[in-house]
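Here's a quick briefing to read alongside the model. Keep the structure open while you go through the points.

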Amino acid sequence: MWATAIVRVRINQLDPSVITELNEQTDMSGNTMRETQVDIQTVLRFLVLTFAISWGGVTVLSFAGVDLGSSAGQGIGTLVFMGAPAIAAITLLSFRRASIRKGSGLYLGRIRWIGLAWVAPVGLTTAMIGAGLVLPDTTFTTEYSAFLLELGFTEAEAVDTIAELKATGVPVAVLLTSLGLVLGGTIFALAAFGEELGWRGLLLTELAPLGFWKLSLLTGLVWGIWHTPLILLGLQFPDEPVVGIVSMTAATVALSPIYTYLTVRAQSVLAPTFFHGSFVLGVFTSVFLAGGGELVISPFGVVGIVSALFGIAACVAHDRRLADEQITTGDPLSPWSRTGS
């Protein structure tokens, strides 16, 4: 009895990081795995802080008369809204005196998987366009200026730029795809990092004990609902905001397993960051598809959801047939340790 009491006192005097290590277990391949219980309090604190910063910030900007649809407004809104998950993650980890790197997967990781994540939206966008072309109410078009308008060009600037691109003799689609990848790996990746350090960084780390599918489902649901203020403000699905919220959430749930898979395979939060940045190529649905409405041809509409299902199938096929170790099983994940090719 006295021995038990002494042991308990000694354990209570240990540094928190040591206690965490004692609570971890090792799998058969020698990788350190997190304990099988999710720290609900940490997850809730992260979500409350994230939603408070993003929703509260956008509300303040709206009441202050900031036009979130303008170029300047979008820039401010991006910093406040998309930066909220990263701010929440860094704040929470700093408060706990935990490693931001370990707590959010801020590693260089496996370069080939990060590179694959960067270019993967090209295939996903192609699948979106293909899905749209088989729908009865959509037709093929080549409204290239739509891509530039989405990037903030004025209509006149977009028309002039497209004319200049056509004069080069290189297919405009190739040039715009290259531009999208460059922007996706630089400016848009920086913006996406604000989200991904939270969603696929801290939240993935904390929910890893739930396994691949439950983790992806919960993250997708939270991620979709989080977009609600933007939709209600008319920045997406302005004609059908209520249905738009449902469509956005369905799309993020469908996309979430792809993000999870790329993150765990790359062993780095940089993979979903570059994937998210290059997802700007999804604008090509409005370049090559006409009719059907935004709920159909948007990358967060019907075609986006359908293409995401193909993406999930590709991830599962790789996992089951080519990978050394499977992660799409439901077993607890160890996201920042080696998981096979």
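Predicted model: local features only at pLDDT ≥ 70, side-chain atom pairs only at ≥ 80, totals over all residues.

Residues are numbered from 1 along each chain as its sequence is written, and side-chain values use heavy atoms, with hydrogens and water left out.

**The chain as a whole**

- The protein chain has an average pLDDT of 88, and 88% of the residues reach at least 70; pLDDT is the predictor's confidence in each residue, from 0 to 100.
- Residues 1-34 have pLDDT below 50, and in the model this stretch makes 23 contacts beyond near neighbours in sequence (contact means heavy atoms within 4.5 Å).
- You'll find 18 helices and four strands in the protein chain; these are DSSP runs numbered from the N terminus, helices being H or I with at least four residues and strands E with at least two.
- Of the 341 residues in the protein chain, 45% are buried (buried is under 20% relative accessible area, exposed is over 50% and partly exposed is in between, using a 1.4 Å probe and protein chains only).
- Among contacts in the protein chain with a separation of 6 or more, 76% link residues 24 or more positions apart.

- Helix α15 spans residues 270-278 and is mostly covered, with seven of its nine residues buried.
- Those buried residues are Ala271, Pro272, Thr273, Phe275, His276, Gly277 and Ser278.
- α7 (residues 111-133) packs against α15 at about 30 degrees, and their axes are 7 Å apart; axes are lines fitted to C-alpha atoms, for helices over the stretch in contact, with angles from 0 to 180 degrees between N-to-C directions.
- That angle makes α7 roughly parallel to α15 (under 35 degrees is roughly parallel, over 145 roughly antiparallel, 65 to 115 roughly perpendicular and the rest oblique).
- On the α7 side, Ile114, Ala117, Trp118, Ala120, Pro121 and Leu124 meet Leu270, Ala271, Phe274, Phe275 and Ser278 of α15.
- By class, this contact of α7 with α15 has ten nonpolar residues, one polar and no charged; Ala, Val, Leu, Ile, Met, Phe, Trp, Tyr, Cys and Pro count as nonpolar, Asp, Glu, Lys and Arg as charged, and the others, Gly among them, as polar.
- His276 of α15 is buried at 15% relative accessible area.
- Leaving out residues up to four places away in sequence, His276 touches Met82, Ala192, Glu195, Glu196, Trp223 and Tyr259.

**Helices α3 and α12**

- α3 (residues 40-63) and α12 (residues 212-226) pack at about 20 degrees, with axes 11 Å apart.
- The two helices α3 and α12 are therefore roughly parallel to each other.
- Leu47, Thr50, Phe51, Ser54 and Trp55 of α3 make the contact with Val222, Ile225 and Trp226 of α12.
- The contact of α3 with α12 has six nonpolar, two polar and no charged residues.

**Around α14**

- Ile245 sits in α14 (residues 241-266) and touches Thr228, Ile231 and Leu232, not counting residues up to four places away in sequence.
- Phe237, in the loop between α13 (228-232) and α14, has a positive phi near 50 degrees although not a glycine, and is buried at 2% relative accessibility.
- Gln267, in the loop between α14 and α15, also has a positive phi, near 55 degrees, and counts as buried at 11%.
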